[in-house]
Amino acid sequence: QDFSRRTGVSYDDLLAIAATQFLNPNSALIPALERLGMPFSTLQQLNSGALTTAAFTALLPAGIDARPYGGATAGATDAIAIWVKNNYARIMTILAYADPGADPDPCSAVKLVLRYTNPDANASLPHGADFLRLIRYIRLWRKLGLDIGQTDAVIAALYPLADLPTGASDAADYQALDRGFLAMMPRIGFLYQAMDLLGVGPQSLASLLACWAPIGTA
């Protein structure tokens, strides 16, 4: 709540920003995780060996299709356990909103916090670089006048991959973000010059960004 008020960004927009590729590069896993319908503590138990594959499979929703998880057939549910283990490190570093206070009011955001999905309380705290990345995204989004998805597409196309934060240390990630933004900002300037010369608006971004990055598949 305090962050929303200090930045002037609504709850809905903060939720949307936290789901962007730049802020949450592993968010592409969320739809597959939602289909499992399991708490992250259960995934942790499977990865640690405290929960067997058979016991995990028994907890899966009835009729779940294993093919999106690498299964050869819809019923090959053992593949889902393998998928979870192979993607465990990425799953545990998804940024999400949590309510550790378990506020009974569903409309209250007083106790909402930003956390990694890792059930370990000591490993779930966001890093300083996460908040630096968040505030820079907000500033760029407002400056460009694009919607949240378009801003994310611009960053995904023009930000150098080599300078994406790794989470190894805040000091290293701060330097990476500085280098990345110093490289990206002139590229955004060239993009807007091209838009002006062509007489096109933000609706043409998806086509123009293909000049710098792979064509989007969304």
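Me: Which residues lie nearest the centre of the second largest pocket?

Reply: This is a predicted model: local features need pLDDT of at least 70, side-chain atom pairs count only at pLDDT 80 or more, and totals for chains, interfaces and linings use all residues. Residues are numbered from 1 along each chain as its sequence is written, and side-chain values use heavy atoms, with hydrogens and water left out. A pocket is an open set of points on a 1 Å grid over the protein atoms alone, with protein on both sides within 12 Å along at least five of seven lines; lining residues have an atom within 4 Å of a point. Of the 23 lining residues, the ones nearest the centre are Phe22, Leu23, Pro25, Arg133 and Pro165.

Me: Which elements give two or more residues to the lining of that second largest pocket?

Reply: Elements here are DSSP runs numbered from the N terminus: helices (H or I, at least four residues) and strands (E, at least two). Those that give two or more residues to this lining are α8 (128-144) and α9.

Me: What is the volume of the second largest pocket?

Reply: Grid points are joined across faces, edges and corners, and a volume is the space filled by probe spheres set on the points. For the second largest pocket, that comes to about 410 Å³.

Me: Is threonine 151 buried or exposed?

Reply: Threonine 151 sits in helix α9, residues 148-158. Leaving out residues up to four places away in sequence, threonine 151 touches Tyr137, Trp141 and Leu146; contact means heavy atoms within 4.5 Å. The classes go by relative accessible area (1.4 Å probe, protein chains only): buried is under 20%, exposed over 50%, partly exposed in between. Because its relative accessibility is 0%, threonine 151 counts as buried.

Me: Which residues line the largest cavity?

Reply: A cavity is a set of grid points where a 1.4 Å probe fits but cannot get out. The structure holds one of 30 Å³ or more, and the largest cavity contains about 40 Å³ of space. α2 (11-18) and β1 (95-98) each supply at least two of its lining residues. The lining is made of Leu14, Ala18, Leu23, Leu95, Tyr97, Leu114 and Leu134.

Me: What covers the buried residues of α6?

Reply: In helix α6 (residues 78-86), the buried residues are Ala79, Ile80, Ala81, Trp83 and Val84. Their cover includes α3 (30-36), α4 (40-48), α5 (53-58) and α7 (88-91).

Me: Why does leucine 29 count as buried?

Reply: Leucine 29 lies in the loop between α2 and α3. Beyond residues up to four places away in sequence, leucine 29 touches Trp83, Asn87, Arg90, Ile91 and Ile94. Leucine 29 counts as buried because its relative accessibility is 8%.

Me: What is the relative accessible area of isoleucine 30?

Reply: Isoleucine 30 lies in helix α3. Its C-alpha atom is 24 Å from that of leucine 158, 128 residues away along the chain. Isoleucine 30 is partly exposed because its relative accessible area is 27%.

Me: How many helices and strands does the chain have?

Reply: From the N terminus on, the elements run α-α-α-α-α-α-α-β-β-α-α-α-α. The count is eleven helices and two strands.

Me: What share of the residues in the chain is buried?

Reply: Along its principal axes, the C-alpha trace spans about 60 × 40 × 35 Å. The chain has 218 residues, and the buried share is 39%.
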